[in-house]
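Work through the exercises below with the sequence and the model in view. Each task is followed by a solution in steps.

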Amino acid sequence: MKHDLLGLENLTAEQIKHILDTAATMKTIVLSNNKKTPHLQGKTVVNLFYENSTRTRLSFELAAKYMSANAANISSSGSSVAKGETLIDTAETINAMGTDILVMRHSMSGAPHLISKLVDASVVNAGDGMHEHPTQALLDMLTMIEHKGHIEGLKVAIIGDVYHSRVVRSNIYGLTKLGAEVTVGGPSTLMPMDIEKMGVKAYDNVHEAIVDADVVMGLRIQLERQKKGLFPSTREYFRFFGVDESRLKLAKPDAIVMHPGPVNRGVELSTAVIDGDRSVITNQVTSGVAVRMAVMYLLSRGGF
């Protein structure tokens, strides 16, 4: 029986911890001078991305290559998708080539779930629509553990476009299962009405969300939202919801600052905060490679 990583919603706390423990070991490899291991030797990993991505796709590609897998990248613009081939046809073609792990990003929520039922390869969700982005949440949690020593009992404030964010959904599932307190803050036009049913506290201002936080995480504002009138302008957004040094003072003195990237400087976070000594954004990128190594290795060994 093959195993997939489609989201964190259906994983147990123990499974999440197992992935994070494995990722911590993998990170020592990423930081070493010799990054070549035989963990996936003889395996083939295909990255199928229907949305633009730099960090996530490169992270998966490096993770596969560090573990000696054969890695290939496919983007929709440079493939038969541009000629009208359907998602299902593409996935079945890739599967027929003997692919072991299929990493997939798609603008449609549920696309990886559909494909996972049709292919023999293990499917990893690298972001599906407004649904989930599980490896991003896992790398966020790994980074928190490295800096705070634990997840349980932490207050994590997530600020920004909560409504459209798949990152925030995966983080909420993972963080609450591991015992963190999660607050979200942002404009009411970018906040789901039923978000508190997920076990978080929601605020339409930054100040209440950030107070006494151990972790402050900014979310990328997708600039196309401005064209839809969901907020007046990026300048207005930063004035009311951007995290600058004065707002960061509301968090605990040793709070860390995170962001899934890429950051719109002066919109979600000020440059001083991004480049400040509390920012761990660069560390998140390193954690991302380690987490993706752990996920693919565990899937190749029978799951979590």
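**Exercises on a predicted model**

**Exercise 1.** Classify Lys148 as buried or exposed, and list which residues it touches.

Solution. The model is predicted. Lys148 has a relative accessible area of 17%. Buried means under 20%, so Lys148 is buried. Finally, leave out residues up to four places away in sequence; Lys148 then touches Leu154, Asp214, Asp254, Ala255 and Ile256.

**Exercise 2.** Check whether the span of helix 2 agrees with its number of residues.

Solution. Helix 2 covers residues 55-66, which is 12 residues. The expected span is 1.5 Å times one less than the number of residues, so helix 2 should span 16 Å. Its end C-alpha atoms are 16 Å apart, and the two values therefore agree. Just past the end of helix 2, Ser68 has a positive phi of about 70°.

**Exercise 3.** Find which residues of helix 2 are buried and what covers them.

Solution. The buried residues are Thr56, Ser59, Phe60, Glu61, Ala63, Ala64 and Tyr66. Their cover includes strands 1 (44-49), 2 (70-75), 3 (101-106) and 4 (122-128). Helix 5 (134-148) and helix 12 (281-300) are also among the covering elements.

**Exercise 4.** Determine how Met108 counts by accessibility, and which surface patch includes it.

Solution. Met108 sits in the loop between strand 3 and helix 4 (111-116). Its relative accessibility is 40%, so Met108 counts as partly exposed. Together with Ile88, Leu114 and Leu118, Met108 forms a nonpolar surface patch with about 300 Å² of accessible area.

Note on methods
Residues numbered from 1 in each chain as written. Predicted model: local features only at pLDDT ≥ 70, side-chain atom pairs only at ≥ 80, totals over all residues. Heavy atoms only, no water. Helix = DSSP H or I, 4+ residues; strand = E, 2+ residues; numbered from the N terminus. Buried < 20%, exposed > 50% of the residue type's maximum accessible area, 1.4 Å probe, protein only. Contact = heavy atoms within 4.5 Å. Patch = residues over 30% accessible without salt bridge, like charges linked within 9 Å, V, L, I, M, F, W, Y side chains within 5 Å. Areas by Shrake-Rupley, 256 points an atom, 1.4 Å probe, with all protein chains shown as cover. Salt bridge = Lys/Arg side-chain N within 4 Å of Asp/Glu carboxyl O.
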